[in-house]
Amino acid sequence: MSAWRVSRAGAPSAPGALLAPGDKSISHRAVMIAALARGESEIVNFLPGSDCLATVAALEQLGVRVARLARDRLLVRGAPRLLSPAEPLDCGNSGTAMRLLAGLIAGQNVAARLHGDSSLSRRPMRRVVEPLRRMGACIKALGRDGRPPLRIVPGEGLRGISFTPSVPSAQVKSAVLLAGLGARGETCVKEPAPTRDHTERMLPSFGCSFDRANGSICLTGRQPLRAARINVPGDFSSAAFLLLAGVIGPVEVRVDSVGVNPGRTGFLRMMERMGARFRVAASGKAGAEPTADLVAEPGPLQGARLPASLVPSAIDEMPAIFAAAACARGETVIEIEGASELRVKESDRIAVMAAGLKALGVACEETPDGASIRGGTVRGGEVDAHGDHRAAMAFSILAFAATSAVTVRGAELVDTSFPGFAEAARQLGLAVEPAG
Ligand code: S3P
């Protein structure tokens with residue numbers, strides 16, 4: 001269990017342009033799809049965090065050869081047929097690894113068992129198990145109430161289905177589409193609300209075509225995939241914490257080459273509703289993904305209603321939104337609504353963020369699907385991130401606004417998404433020291 005003591009360090013000076021590490025969602029997908037493609041795919045700016053490394057290790061157990069040209073540069077040689085691994089696949093802390101691999105493995109009709117750490121073992125898997133069973137997969141969640149581990153055994157091969165997930169979830173959509181790659185016939189997914197579309201953007205690079213009609217994505221299975229070169233953009237979800245520092249800290253912060261897929265940037269819209277100001281210094285592309293150099297300007301935040309419609313595109317940034325809300329001026333209230341999915345992330349993020357804010361003297365009331373936060377003075381003190389990487393980063397950046405140091409317990413898993421976060425926080429002007 002590691003803890004940090006985070007405080008403002010000395011006189012503020014503007015950091016140069018920062019870079020966020022490679023996008024986690026895109027890194028997972030790039031290695032997984034490359035694993036099914038004929039030939040050698042190169043993945044550039046891959047995120048070498050523990051979540052994506054769990055995906056790489058699992059694919060290697062399935063017979064895929066992965067050469068590490070550098071920490072963030074991989075060569076993936078696709079396997080014509082996946083092997084059934086002798087040992088269980090350890091997905092660590094990663095819901096994306098477990099749910100997407102479940103789809104991919106079921107589609108390739110091999111046997112595997114997937115498990116994870118204590119946080120992942122509490123997360124719901126029925127949302128992928130049910131559609132995969134409808135496709136003909138022999139998959140079972142062995143834990144209580146549809147929780148991990150997952151067991152997959154070969155069957156008669158999958159067939160395509162038309163499916164509407166009950167929650168807006170890019171993981172569920174992607175698990176079904178990855179299974180569909182190995183299924184007979186057509187697999188269609190109709191989303192209840194748009195979510196990040198990294199899978200759909202990436203498939204054509206590997207030579208896979210699909211149709212969009214009436215809000216559904218439909219792909220024909222068993223298309224031959226060919227190797228590709230995937231350039232992974234900076235992770236918006238990591239950049240969000242640096243941008244938060246630019247808004248609530250003393251100096252503006254610039255983050256370059258950040259992925260700005262519209263399915264990911266709801267954080268900017270939410271922060272703007274609270275009065276934050278951002279500038280786009282430059283726009284670009286990383287493969288099929290749009291990128292931007294983003295600048296966050298320091299300034300006051302005020303009360304706002306953050307409705308359910310903004311949540312899917314800000315789902316991973318909500319801990320940063322809770323932290324921002326704590327800094328809103330004049331005791332105004334931030335209402336977060338329609339965010340019950342936060343309760344089934346790496347931690348119950350509503351409960352963890354509410355408890356942490358209260359420990360720092362901020363009035364925060366939980367609701368079943370959100371919270372009501374009365375901004376104002378943020379005291380120093382001790383908070384528990386409960387091993388949730390994004391809660392740990394949110395509380396750390398909140399130290400900019402706190403009257404004294406913030407001790408963050410349970411910060412050990414920050415590397416899952418942002419290796420080098422502590423160093424980036426130091427560049428921003430925070431002192432980050434180990435705490436006993
Ligand atoms: C992800 C989708 C989101 C997100 C997660 C990564 C993905 O999960 O919270 O961190 O890579 O598809 P849900 O699809 O469950 O909302």
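**Helix 8 and its surroundings in a predicted model**

Good morning. The buried residues of helix 8 pack against helix 7 (236–248), strand 16, strand 17, strand 18 and helix 9 (318–326). Contact here means heavy atoms within 4.5 Å, and buried means under 20% relative accessible area, exposed over 50%, and partly exposed in between, with a 1.4 Å probe and protein chains only. Helices (H or I, at least four residues) and strands (E, at least two) are DSSP runs, numbered from the N terminus.

A word on the source. This is a predicted model, in which local features need pLDDT of at least 70 and side-chain atom pairs count only at pLDDT 80 or more, while totals for chains, interfaces and linings use all residues. Residues are numbered from 1 along each chain as its sequence is written, and side-chain values use heavy atoms, with hydrogens and water left out.

Let me begin with the whole protein. It contains twelve helices and 24 strands. Its radius of gyration is 21 Å, close to the 22 Å that the globule rule gives for 436 residues, so the protein is as compact as a globular protein of that length. That radius is taken over C-alpha atoms, and the globule rule is 2.2 Å times the number of residues to the power 0.38. Along the principal axes, the C-alpha trace spans about 60 × 45 × 40 Å.

Of the 436 residues, 60% count as buried. Among contacts with a separation of 6 or more, 74% come from residues 24 or more positions apart. The protein exposes about 16,000 Å², and carbon and sulfur atoms supply 48% of that area; the areas come from the Shrake-Rupley method with a 1.4 Å probe, and for residues only the protein chains shown count as cover.

I now return to helix 8. Which residues of helix 8 are buried? In this helix, residues 266–273, they are Gly266, Phe267, Leu268, Met270 and Met271. After the helix comes Gly275, with a positive phi near 105 degrees.

Two of the packing partners, strand 16 (residues 277–286) and strand 17 (residues 289–297), pair in the antiparallel sense over nine bridges. Two strands pair if DSSP finds at least two bridges between them. Strands 16 and 17 form a hairpin with two residues between them, and Gly287 in the turn has a positive phi of about 60 degrees. Lys285 stands opposite Pro290 in strand 17.

Is Leu306 buried or exposed? Leu306 is buried, with a relative accessible area of 0%. Leaving aside residues up to four places away in sequence, Leu306 touches Met270, Arg273, Met274, Ile321, Ile334, Glu335, Ile336 and Glu337. For Leu306 and Ile336, a sequence distance of 30 residues goes with 5.0 Å in space, C-alpha to C-alpha.

Not counting residues up to four places away in sequence, Leu59 touches Val31, Met32, Ala35, Val64 and Leu101. Leu59 and Ile105 are 46 residues apart in sequence and 9.7 Å apart in space, C-alpha to C-alpha.

Next, Gly39, which lies in the loop between helix 1 (24–36) and strand 3 (40–44). Gly39 is partly exposed, at a relative accessible area of 26%. Beyond residues up to four places away in sequence, it touches Val76, Arg77, Gly78 and Ala227.

I close with the backbone. Most residues other than glycine have a negative phi, and most peptide bonds are trans. Asn109 has a positive phi, near 60 degrees, and lies in the loop between helix 3 (95–108) and strand 7 (112–115). With a relative accessible area of 25%, Asn109 is partly exposed.

His386 also has a positive phi, of about 50 degrees, although it is not a glycine. Where does His386 lie? Its place is the loop between strand 22 (381–384) and helix 11 (389–398). At 51% relative accessibility, His386 counts as exposed.

Finally, a cis peptide bond joins Pro148 and Pro149, with omega about 0 degrees. Pro149 lies in the loop between strand 8 (138–141) and strand 9 (150–153). Thank you.
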